[in-house]
Amino acid sequence: MDITLPILILAIPIAMFLILGIGGVVMPRKVAGVLGILGMGTCAVLAYTVAFTYFFSGAPEFIIDGVRQQFQVFDVTWLAFTDKLVVKLGFLLDPISAMMLIVITTISFFVHLYSWGYMEHEPGFQRYYAFLSLFSFSMLGLVVATNIFQMYIFWELVGVSSYLLIGFFYKLPSAVSASKKAFIVTRFADLGFLIGILLLSYYTDTFNFQILTSNPELVMAECGGATFMGASVMTWAMVLIFMGGMGKSAMMPLHIWLPDAMEGPTPVSALIHAATMVVAGVYLVARMFPCYCQVPASMDFVGVVGAITAFYAAVVACCQVDIKRVLAFSTISQIAFMMVSLAVARDYIPVGEHWHAPGLGYMASMFHLFTHAMFKALLFLGAGCLIHAVHSNDYTAMGGLRKYMPITHWTFLIGCLAIAGIPPFSGFFSKDEMLAAMYQNSFFWGAWMSMVAGLTAFYMFRLYYLIFWWEENPHYKEHKPHDGPWQMSLPLIILALVSCVAGFIPFGEFVTYNGEPYHIHLEAAVALTSVAIALIAIALATWLYMKKNDKPAKMRAALPTLWEAAHRRFYWDEIYQFITHKIIFGIICQSIAWFDRHVIDATMDGFAKITQKGSLAIRGMQNGHIQAYVAWYFFGAVALAAVVWLCII
Amino acid sequence: MDSVGNVILYFVVAIAMVVSAFMAVTTTKILRAATYLLFSLICTAIFYFQMGYQFLGAVQLAVYAGGIMVLFVFAIILTHKPNDKTAPLAAHRQFVGISASVIGAVLLILALFKMPLAKGLSLSQVIEIGGPTLTMHDIGIALVGSEKFQYLLPFEAVSVLLLACIIGGVVIARKK
Amino acid sequence: MDISILWYLVPSVILFICGVYGFLTRKNMIAMLISLELMLNSADLNFVIFNRYLFPGSMEGMMFTLFAIAIAAAETAIAIALIINIYRAIGNTNVTDIKEMKF
Amino acid sequence: MFGNILIWFVIIPILMMAGLGFCRNSSMNAIRAVMTIGSTALMVLGIWLCVDFLSLRSAGDTSEMLYLGSWMWYAPLNIHLAVGVDGISVLMLLLSCVIVFAGTFASWKINPLPKNFFLWFCLLSTGVFGFFISIDMFTMFMFYEVALIPMYLLIGVWGTGRKEYSAMKLTLMLMGGSAFLMLGLLGIFWHSAPDLANCTWNILEISHNSSIDPSWQRLLFCFTFVGFGVLGAMFPFHTWSPDGHACAPTAVSMLHAGVLMKLGGYGCFRIAIFLLPQAANELAWIFIVLTGISIVYGAFSACVQTDLKYINAYSSVSHCGMVLFAILMLNTTAMTGAILQMLSHGLMTALFFALIGMIYGRTHTRDIRQMGGLMKIMPYLGVCYMIAGFASLGLPGLSGFVAEMTIFFGSFQDADTFHRVFVIAATCSIVITAVYILRVVGKLLLGPVQDEHHLALTDATWFERLSTVTLILCIAGIGCFPNWINETIQHSFSPIIAAIQGAAL
């Protein structure tokens, strides 16, 4: 394969970043916008070309005997730590990276387009496009990483892009603190990731994914029996690496940054905090999947974290007022869904339960990643239109908007149906596969996640009804809301169409854990159950929220503590606030700073003071009386003479 | 065996020297102190003569007892009124001075008697060993020669020093 | 009676000690200078004595004294110039009144 | 003698001083002209040396040091003016050139007494350059002292705040360090040969020929390491750094944190470890503990400071602690990381101090509680500050990341629990660093404007831009293309590693 296209895919966004970032000061906003959109458009076309070449060309480097291969388009040395541990920058093509190329460039392109309308009047428009390009570059670099260290490099870069974009409205203190929080929380997670890489690379002497994943047994063997605190080194490494994923993908307990990240511009939320960056954790686990399979304990850890997070986020989403926060928690919940799905996929199936091909969960998870990116981006962009129209994030400022904003209304509805898992929308198919994989692993996982799916349908439709039905807000008379300009509507329509048809893509033909094609077939029992649950939840939401009534208020009054707790996200932020501000800042940092000034520095000053005091004490001898000097001198000479005489003679 | 005359001369001069030195540092009148110093210097000069260093004795008389004493007297007259007495001494200073003197004297005298000096030699013997009296010629050669045991360089240095001293004295004492 | 080396050295020591006593106890700078001259004189005398008794054949001690007298003259001249200057400045010649330059 | 390129690194600053001698304090343009020409000449010389060195290496010259030269200075003690460089010294020289260049432009409008300021500045750089080119311990020590003394006057005269106190403190503590150092160096000298006639100060000769008695090695290692460690701001001898940096004028902070503190790290491996390898193997753990504390302690302290320069000074304690920490790991990768960190920290902290100086020159305060929203008012400086911040917290693509990662991966080579614990503690600093950097960025640059008076302030001038752009380009250059530097350093470490391994056997 020609290396020009892959290089261009990475080079165009970074070039755009530099051009817009440095030249943006003197560039009119139109030019900046067009440049950004064109750049991303080109990049998208190239990425599609590469992905399609990979999937459909049938070239021997991509597919052998129907099994899709991993292929390193290029891999150049960047930094050589030792002879063996060499960091390379490369471009790895395999099913998931090709799929991610499509997802990222598509969503990114639509977000670029959408932002032209959404951000039109904001100051710093050029800067905004520069940051978007930086993000696209980093994310693309992350997914095509040939080795875990390259992934770490771009992992950090997406973190910074996310920081910059969340804090885009940097004059708002809330945006500043949200961006800081996002960065620090993910940084903390990355610390785990880094230590994980350190451990793994120390024992395996390589960063390369192909070497790590093609022969995970060997990796295990190289780690030998090394253990630490009762768990093997490999377990530690995999769990720590997953910790990085927990940070980026907002798993409990490192989820707290994502809801706050909604302070950023809405298209950014759609791109980074719904479709692409937050699934990096899922992508990481998928990338290292064979290694995780070798360590069941770490896989179980992934599953447990995912299951708890999914449920927690779904519950919290039911009680949020800010529509972006609802979507944020929904994102957390859905990503956790993917995590669980990955965790239940094993490359072996217990005897007697042979039902589906092994690794079904892997395929399902990737499938859901794909569909979720599309419909969640759609939902966020729709939310952006709403915010654009009513200038508020809260649903209390909305209601009855279906008449005023038809395009937004219909596309949003499609998004809701997709996420709720109603056929024939895309979410149904991917979620069905995931649930099938979970039921296959154990009934408990399936039931638990079905419940989460039901909650998802409920809170999404709660949101939908509160925005578009309920009752009309009286303010509309003064300020009539309307759909956005074409730049905003067009992405909505296209993404809605994608959400309608994406479910029919034979995804198993393209992406599976081992490259062999897998034929998706619906599992009737699972499908019917989940549709039924979703429908019940929707009906409940309809009953509660379609027309203005006092049932929700009564429910809230019946369970005030629970509602308050869920509304305040079960006080996680307060706990973190306490730990970071009170304990780390207030106690540790302050006391260290105090110690430094008053103990260490005081000791050093003390030496100086003692010297000074001593000098002052003997200064009186220098009293200016020459006779005193002579007396001292004379007695000294006499004493010296006496000593010399006594000792020597 | 030294001649009796020499011994008598020695005693007279030594006692005069010691007494006048003692008086020089104890008298309260400054002009008297200078006078006693003069006596002491003259006695020293006599010792030089007695030891056979006539030139040195002459220099001592001319420079010290002549030149320097004139300076002293001038200075005293310029800075003191007649009958000026020095203020009584503070007790602790007196104590310091006496103790320093006593300790120093004891140490030095002890040292003198303990030192392995050629104590047996008498003055006449050493003058005999030393040969004839130093002539002006010898001293002159030694002063301006540049061989071993000759002192041209210090001689020049002293002359420069004296020049500097003249200039310095003028500069310091000049009225602003 | 032999006039041995000690006969000369003892008066010299007494001369020196008198100088020390005077230097330590007198307040008047001129008196201090007088004491200084006594000590110097004693040192000069010692050079000559040792030259005479220990190295009768040479004349280094004497030459040294010769130079010392010259230097003493210079030193005294400068000291007296300074004293006169100080007298002009502060009106007396007490060493206890000159403390401006301490510390 | 003048045919040796290295000598010119010392001669040019001296010529600059001579040139400044002809200027008057009032003729600012003449002073600037001298400084610009001189620092540009140094920069060109530095780059040329680097290129020439690399081409010699690639032409197959594998000798330990290049451009060797030695001229007798004081025969009775066998003191030479001996020069020679390996890859590390070349890079350190280049770093010094860059920082002197940037520092010149950062103090473009120094006031009062510009001539005298630059005279001392040039003397300081003479010392720094002389230190890096020397391979004779005595000459090295002499240049080290030459670099220290001007600090006192530069801070004491041109500083701000409690400048006399800080200047005194800095000088005394560093002098105290050099007293230890002198003892150590003398000890190495006396033990370099059995008889005085053959004793030598030459580092290469000592490393080749002599084996110092182990018990002496232990003592001398402690002396030399502490001596250099004081300059490298090792806990608990770091307290000169916050006060000194806070009160120093901009260019001096830049040069001091950027280059002078590197003298400490450089000396540690060039003398303490290279010449006393056995003691290094035995006693490294003591200093690993101290430097490990430095890293975390400095970072935590930085979190609660309110003065911009204090934050940076404590962050320097943390980062320089990382340098010494990595050196003590005694393996190629970690030590390479240490050198990278020296370069990276030198550039980025110089950038920080330059920016702080520029901001302070406008707002007349360094208290972050009294500033805010400066990004809106001076976007150029704001962006530069963010870049410096990102370099400091280890953003890929900037130099800090490369250095820290090399250190972590190198340090992780030692598999015993002691090393592991300290390495993991050290890695924690990346989070704490992020905390304090973002705290400053958030308070200083972002958010609403705190003080209405700041709205009237102007953005950077051309000379400020030149100064910062030079540094940023270098930071990004190392961050994006680290491998050639990495290889240069790794190659230069082979004799040192060989010495350590030889001693360990």
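Guide: Read from the N terminus, chain B runs α-α-α-α-α-α-α. The model is predicted, with local features needing pLDDT of at least 70 and side-chain atom pairs pLDDT 80 or more, while totals for chains, interfaces and linings use all residues. Residues are numbered from 1 along each chain as its sequence is written, and chains are lettered from A and ligands numbered from 1 in the order in which they are written.

Visitor: How many helices and strands does chain B have?

Guide: Chain B has 7 helices and 0 strands. Helices here are DSSP runs of H or I with at least four residues, strands are runs of E with at least two, and both are numbered from the N terminus.

Visitor: Why is chain B called more spread out than a compact globule?

Guide: The globule rule is 2.2 Å times the number of residues to the power 0.38, and the radius of gyration is taken over C-alpha atoms. For 176 residues the rule gives 16 Å; chain B has 21 Å, well over that, so chain B is more spread out than a compact globule. Its C-alpha atoms fill a box of roughly 50 × 40 × 30 Å along the principal axes.

Visitor: What percentage of chain B counts as buried?

Guide: Of its 176 residues, 27% count as buried, that is, with 20 or more other C-beta atoms within 10 Å of their own C-beta, placed from the backbone (12 or fewer is exposed, in between is partly exposed).

Visitor: What makes α5(D) roughly antiparallel to α6(D)?

Guide: The axes of helix α5 (residues 137-158) of chain D and helix α6 (residues 163-190) of chain D cross at roughly 175° and come within 9 Å. Angles over 145 degrees count as roughly antiparallel (under 35 roughly parallel, 65 to 115 roughly perpendicular, the rest oblique), and that makes the pair roughly antiparallel.

Visitor: How far apart are the closest C-alpha atoms of chain B and chain D?

Guide: They lie 30 Å apart, and no contact joins the two chains; a contact needs C-beta atoms, placed from the backbone, within 7 Å. Among the 4 pairs of chains that touch, chains B and C have the most contacts.

Conventions. Axes fitted to C-alpha atoms, helices over the stretch in contact; angles between N-to-C directions.
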